[in-house]
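Subject: Structure handover

Dear colleague,

I am passing on the structure below, together with an account of what was found in it. Please look through the sequence and the model before reading on.

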Amino acid sequence: MFFSILFLAHFQAVIIPLFIGIKSIRKFKNIKNNSLIPFSFIFMGLASMFEMIDHTQTDWIYIDHSSIYNWLFYSFLSLGLTLLSISVTNNKLTIRTNLFLSICSIVSYLIIDKSISLLFQVIISIFLIINWQRVFKDWLIILYPIFGIFSTTFFGTNLSISGDQFWHVLIGPSGTISVVTFYLVLKRSNKKFT
């Protein structure tokens, strides 16, 4: 029974971003680089898919380790967040900085350590929050750091310390809430500008 719940918690984290990505194709014309938006959601869905594949290597027990699938999870997550961040701007310096940070996150996982990659993802997330709040001025954006950063970090830390797989079940849905938040902000902005 617990395995089924754990599987569904991860599966929804794949399906919902993929669905939102497909639903976002050719939408949100009010956004500067709207063609990036579907890719950002699809990349986040792919990130969760690679995490699921990684879990098949550990019998679905969370183990803090490095692997090719774990690297793919962090890489696609970094790309998804970066594309969301740069989708709302035409500022070349901002775009280049975000892309540079994403590349640093991806490469640092391979050559240094996963913790360095996570540091770059935190910086990417800060840029994302700043860029989106500057453009949308929507209070919903606060849900991203609450669920996408703080809650997932809290659940992941408790999982690592205790080994209690209950915390594992909460991480995927928490991340999905942040993905849905981005979509809702986009939909609300679409209504404002149409």
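This is a predicted model: local features need pLDDT of at least 70, side-chain atom pairs count only at pLDDT 80 or more; totals for chains, interfaces and linings use all residues.

Helix α3 is mostly covered, with 15 of its 19 residues buried.

Helix α1, which runs over residues 2–23, has 22 residues and spans 31 Å between its first and last C-alpha, close to the 32 Å expected at 1.5 Å a residue. Its buried residues are L6, A9, H10, Q12, A13, V14, P17, I20 and G21.

Turning to the nonpolar cores, the largest has 24 residues, of which F41, W132, F136 and L186 touch the most other members. The elements that give two or more residues to this core are α2, α3, α4 (92–111), α5 and α7. A second, separate core has nine residues, W71, L72, Y74 and Y109 among them. Not counting residues up to four places away in sequence, F41 touches P17, L18, I20, G21, S24, L84, V179, F182, Y183 and L186; of these, P17, I20 and G21 are also among the buried residues of α1.

The next topic is the open space. The largest pocket holds about 1,000 Å³, and of the 43 residues that line this pocket, F73, Y74, L77, T152 and I171 are the closest to its centre. Two or more lining residues come from each of α1, α2 (36–56), α3 (68–86), α5 (114–136), α6 (143–162) and α7 (166–193), and the largest share, nine residues, is that of α6. Sorted by class, the lining of the largest pocket has 18 nonpolar, 21 polar and four charged residues. Y74, one of the residues closest to the pocket centre, also belongs to the second core.

Leaving aside residues up to four places away in sequence, Q165 touches F2, W60, I61, Y62 and L159.

With best wishes

Notes: Residues are numbered from 1 along each chain as its sequence is written. Side-chain values use heavy atoms; hydrogens and water are left out. Helices (H or I, at least four residues) and strands (E, at least two) are DSSP runs, numbered from the N terminus. The expected span of a helix is 1.5 Å times one less than its number of residues. Buried means under 20% relative accessible area, exposed over 50%, partly exposed in between (1.4 Å probe, protein chains only). On a 1 Å grid over the protein atoms alone, a cavity is a set of points where a 1.4 Å probe fits but cannot get out, and a pocket is an open set with protein on both sides within 12 Å along at least five of seven lines; lining residues have an atom within 4 Å of a point. Grid points are joined across faces, edges and corners, and a volume is the space filled by probe spheres set on the points. Ala, Val, Leu, Ile, Met, Phe, Trp, Tyr, Cys and Pro count as nonpolar, Asp, Glu, Lys and Arg as charged, and the others, Gly among them, as polar. A nonpolar core is a set of buried Ala, Val, Leu, Ile, Met, Phe, Trp, Tyr and Cys residues joined through side-chain atoms within 4.5 Å. Contact means heavy atoms within 4.5 Å.
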